[in-house]
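Hi,

Here is the structure I said I would pass on.

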Amino acid sequence: MNYVNRLNQWLDKTVSTAQEKLANKRLAKKANLQLNGEINRVQIEMSDLEDALEEFKNSKDFKPTAMWLGKKKIMILEKEIEYYQELKKELF
């Protein structure tokens, strides 16, 4: 886990204890869970938007502009997930 190593490198420069390194492991686990939580949140938001786009296609009140705005938001969310996944690869 690179995140833990980064935290521990800082401790190695100071006087560190095993207890502090254990605390860093817990911090890294929490950070990993937070990152997974963000990925899940974005995936849920994307799923909701995709459902809304399908409803727009079948709606009597057809609005191409609203569909474009939804699609644009999905593209941004895809980029957000890519960012979180790269961050996860780098740190964990």
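Below is what turned up when I went through the helices, the aromatic rings and the salt bridges.

One thing to keep in mind: this is a predicted model.

Helix packing first. Helix H2 covers residues 18-57 and helix H3 covers residues 64-91; their axes come within 9 Å and cross at roughly 160 degrees. Anything over 145 degrees counts as roughly antiparallel, so that is how H2 runs relative to H3. The crossing is left-handed. As for what sits in the contact of H2 with H3, the residues split into 14 nonpolar, ten charged and five polar.

While you are around H2, take a look at Glu55, which belongs to that helix. Glu55 is exposed, at 58% relative accessibility. From Glu55 to Met67 it is twelve residues in sequence and 9.9 Å in space, C-alpha to C-alpha.

Next, the aromatics. There are two aromatic pairs in the structure. One of them is Tyr3 with Phe92, a tilted pair with 5.8 Å centre to centre and 50 degrees between the planes. It ties together distant parts of the chain: Tyr3 is in helix H1 (residues 2-13), while Phe92 is in the segment after H3, 89 residues apart. Tyr3 comes out as partly exposed, with a relative accessible area of 26%, and Phe92 is also partly exposed, at 26%.

Then the salt bridges, of which I count eight. Among them:

- Arg41 and Glu38, where the closest N and O atoms are 2.9 Å apart. These two are three residues apart in helix H2, so about one helical turn separates them. Arg41 is partly exposed at 35% relative accessibility, and Glu38 is partly exposed at 29%.
- Asp61 and Lys63, with 3.4 Å between the closest N and O atoms. Asp61 is partly exposed, at 47% relative accessible area, as is Lys63, at 40%.
- Lys89 and Glu86, whose side chains meet at 3.6 Å, N to O. Both are in helix H3, three residues apart, about one turn of the helix. Lys89 is exposed with a relative accessible area of 62%, whereas Glu86 is partly exposed at 49%.

Which residues are linked in a network of salt bridges? Glu38 and Arg41 turn up again here, together with Glu45, Lys73 and Glu80.

Cheers

Technical notes: Residues numbered from 1 in each chain as written. Predicted model: local features only at pLDDT ≥ 70, side-chain atom pairs only at ≥ 80, totals over all residues. Heavy atoms only, no water. Axes fitted to C-alpha atoms, helices over the stretch in contact; angles between N-to-C directions. Helix = DSSP H or I, 4+ residues; strand = E, 2+ residues; numbered from the N terminus. Parallel < 35°, antiparallel > 145°, perpendicular 65-115°, else oblique. Left-handed = near helix turned anticlockwise from the far one by under 90°. Nonpolar A, V, L, I, M, F, W, Y, C, P; charged D, E, K, R; others polar. Phe/Tyr/Trp six-rings, centres within 6.5 Å; stacked < 30°, edge-to-face > 60°. Buried < 20%, exposed > 50% of the residue type's maximum accessible area, 1.4 Å probe, protein only. Salt bridge = Lys/Arg side-chain N within 4 Å of Asp/Glu carboxyl O.
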